Amino acid sequence: MIFFRISDIIVIRECYKLRGNVMKIFSMFDGVGGFIVGLENSSKEVFQTLYSNQYEPSRKTQDAYEVGLYRFPDMEHIPTDVALIPNEKFEEMKANGVDMI
């Protein structure tokens, strides 16, 4: 698992800003979207989340997933175990320019 310090996010943000680039993101194990909110609060112009994954295998209802659908309607949400996401979906993400998982 990769952890970013706040200072790492700031450096990434500033490098992408200088280049005029957008970092496209797939947010795995998303919960209710705290990571997405943090990145967007840092810079909506730099960080763009295209895909989100939230799945709770021990629960019949997927409440956190439903919150994500409501709060972030403009991204694709994947409500399944990450081990079951087909390789074709990751190839699609790559083709769509996803830089960070």
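**Figure 1. The lining of the second largest pocket in the predicted model**. E40, K44, F47, Q48, T49, R71, F72, P73, D74 and M75 line this pocket (on a 1 Å grid over the protein atoms alone, a pocket is an open set of points with protein on both sides within 12 Å along at least five of seven lines, a cavity is a set where a 1.4 Å probe fits but cannot get out, and lining residues have an atom within 4 Å of a point). The space in the second largest pocket amounts to about 160 Å³ (the volume filled by probe spheres set on points joined across faces, edges and corners). Strand β2 contributes three residues, the largest share of this lining (helices, H or I of at least four residues, and strands, E of at least two, are DSSP runs numbered from the N terminus). Residues are numbered from 1 along each chain as its sequence is written, and side-chain values use heavy atoms, with hydrogens and water left out. Because the model is predicted, local features need pLDDT of at least 70 and side-chain atom pairs count only at pLDDT 80 or more, whereas totals for chains, interfaces and linings use all residues.

**Figure 2. T49 within strand β2**. T49 has 11% relative accessibility and therefore counts as buried (under 20% relative accessible area with a 1.4 Å probe and protein chains only; exposed is over 50%, partly exposed in between). Beyond its neighbours within four places in sequence, T49 touches I25, S27, I36 and M75 (contact means heavy atoms within 4.5 Å). T49 is also among the residues that line the second largest pocket. Of the seven residues of β2, five are buried, so the strand is largely enclosed by the rest of the structure.

**Figure 3. The open four-stranded sheet**. The strands follow the order β3-β2-β1-β4 and pair in parallel (pairing requires at least two DSSP bridges between two strands). The edge positions belong to β3 (76–78) and β4 (98–100); each has a single partner strand, so one of its sides lacks a neighbour in the sheet. From one strand to the next, the twist averages 40° (axes are lines fitted to C-alpha atoms, for helices over the stretch in contact, with angles from 0 to 180 degrees between N-to-C directions). Helix α4 (residues 87–95) packs on the sheet and touches β1, β2, β3 and β4, its direction making about 155° with that of β3.

**Figure 4. The parallel pairing of β1 and β2**. β1 (residues 23–27) is joined to β2 (residues 47–53) by five bridges. K24 has Q48 of β2 as its bridge partner, while S27 stands opposite S52 in β2.

**Figure 5. The largest nonpolar core**. I9, I12, Y16, M23, I25, L39, V46, F47 and M100 form this core of nine residues (a set of buried Ala, Val, Leu, Ile, Met, Phe, Trp, Tyr and Cys residues joined through side-chain atoms within 4.5 Å). Both α1 (6–19) and β1 supply at least two of its residues, and α1 gives the most, with three. A second, separate core has six residues, among them F26, I78, I85 and V98.

**Figure 6. The largest cavity**. The structure holds one cavity of 30 Å³ or more, and about 40 Å³ of space lies in the largest cavity. Its lining consists of D30, G31, S52, N53, Q54, A64, Y65, G68, H77 and I78. Two or more lining residues come from each of β2, α3 (63–71) and β3; α3 gives the most, with three.
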